[in-house]
Amino acid sequence: MTEFKYSSDEDNVFRVPVIIKGERSVVVNALVDCGANFTFLDLSIGDYLGLLKMGYEKVGVAGGTTDAELTNIPELSLLSPDFTMSITGNNVDALLIPELGEELVLGANFFEGKCK
């Protein structure tokens with residue numbers, strides 16, 4: 001079994017490097033939140049990547065509820081700390097949120113079937 005080990009930051013959260021591929025590709029820092037059922041992406045990054053918007057959802061967030069747009073990320077790869085390995089998910093459902101406060105929040109739906 002391959003094991004990735006990351007250090008938490010001063011806020012005791014984990015931010016990890018991720019490559020997102022759409023019409024374009026981008027490397028972002030993702031906050032890992034296995035308590036979140038879904039993966040969230042800042043709307044501006046989704047627009048840059050040319051991700052298709054597939055309808056609105058009202059979702060619960062830390063401050064209450066907000067409107068989000070459902071999308072699908074063709075390929076999302078969590079990189080090992082030394083950038084030599086990755087865990088990749090294809091066709092990852094995500095919610096686009098304007099001014100998310102993070103570039104990407106990796107939720108449990110990304111990790112299902114990939115990690116222990």
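Student: Let's start with Arg-15: buried, exposed or partly exposed?

Tutor: Arg-15 is partly exposed, at a relative accessible area of 33%. Buried means under 20% relative accessible area, exposed over 50%, and partly exposed in between, using a 1.4 Å probe and protein chains only. Before we go on, this is a predicted model: local features need pLDDT of at least 70, side-chain atom pairs count only at pLDDT 80 or more, and totals for chains, interfaces and linings use all residues. Residues are numbered from 1 along each chain as its sequence is written, and side-chain values use heavy atoms, leaving out hydrogens and water.

Student: Which residue does Arg-15 form a salt bridge with?

Tutor: Glu-102, with the closest N and O atoms 2.6 Å apart. A salt bridge here is a side-chain nitrogen of Lys or Arg within 4 Å of a carboxyl oxygen of Asp or Glu. Arg-15 lies in strand β1 and Glu-102 in the loop between β6 and β7, so the pair ties together parts that are 87 residues apart in sequence. Helices (H or I, at least four residues) and strands (E, at least two) are DSSP runs, numbered from the N terminus.

Student: How many salt bridges does a search of the whole structure find?

Tutor: Four. One of them joins the side chains of Lys-21 and Glu-75, at 3.5 Å from N to O. Lys-21 sits in strand β1 and Glu-75 in strand β5, so that pair ties together parts 54 residues apart in sequence. Lys-21 is partly exposed at 34%, and Glu-75 is partly exposed at 25%.

Student: And what does Asp-47 form a salt bridge with?

Tutor: Lys-53, with the closest N and O atoms 2.7 Å apart. Asp-47 has a relative accessible area of 42%, so partly exposed, and Lys-53 is partly exposed at 39%.

Student: Switching to the inside. Which residues touch the most other members in the largest nonpolar core?

Tutor: Val-18, Ile-20, Leu-41, Ile-73, Leu-76, Leu-104 and Leu-106, out of 21 residues in that core. β1, β2, α1, β5, β6, β7 and α2 each supply at least two of its residues. A nonpolar core is a set of buried Ala, Val, Leu, Ile, Met, Phe, Trp, Tyr and Cys residues joined through side-chain atoms within 4.5 Å. There's also a second, separate core of eight residues, including Ala-36 and Val-105.

Student: What does Val-18 touch?

Tutor: Not counting residues up to four places away in sequence, its contacts (heavy atoms within 4.5 Å) include Val-27, Leu-76, Leu-104 and Leu-106.

Student: How do β3 and β6 run, parallel or antiparallel?

Tutor: Parallel, joined by four bridges, with Ala-94 in β6 as the bridge partner of Thr-39. β3 and β7 run antiparallel, with two bridges, and there Phe-40 stands opposite Val-105. Two strands pair if DSSP finds at least two bridges between them.

Student: Last one: where is Asn-37 found?

Tutor: In the loop between β2 and β3. Asn-37 is exposed, at 64% relative accessibility. Not counting residues up to four places away in sequence, Asn-37 touches Ala-108 and Asn-109.
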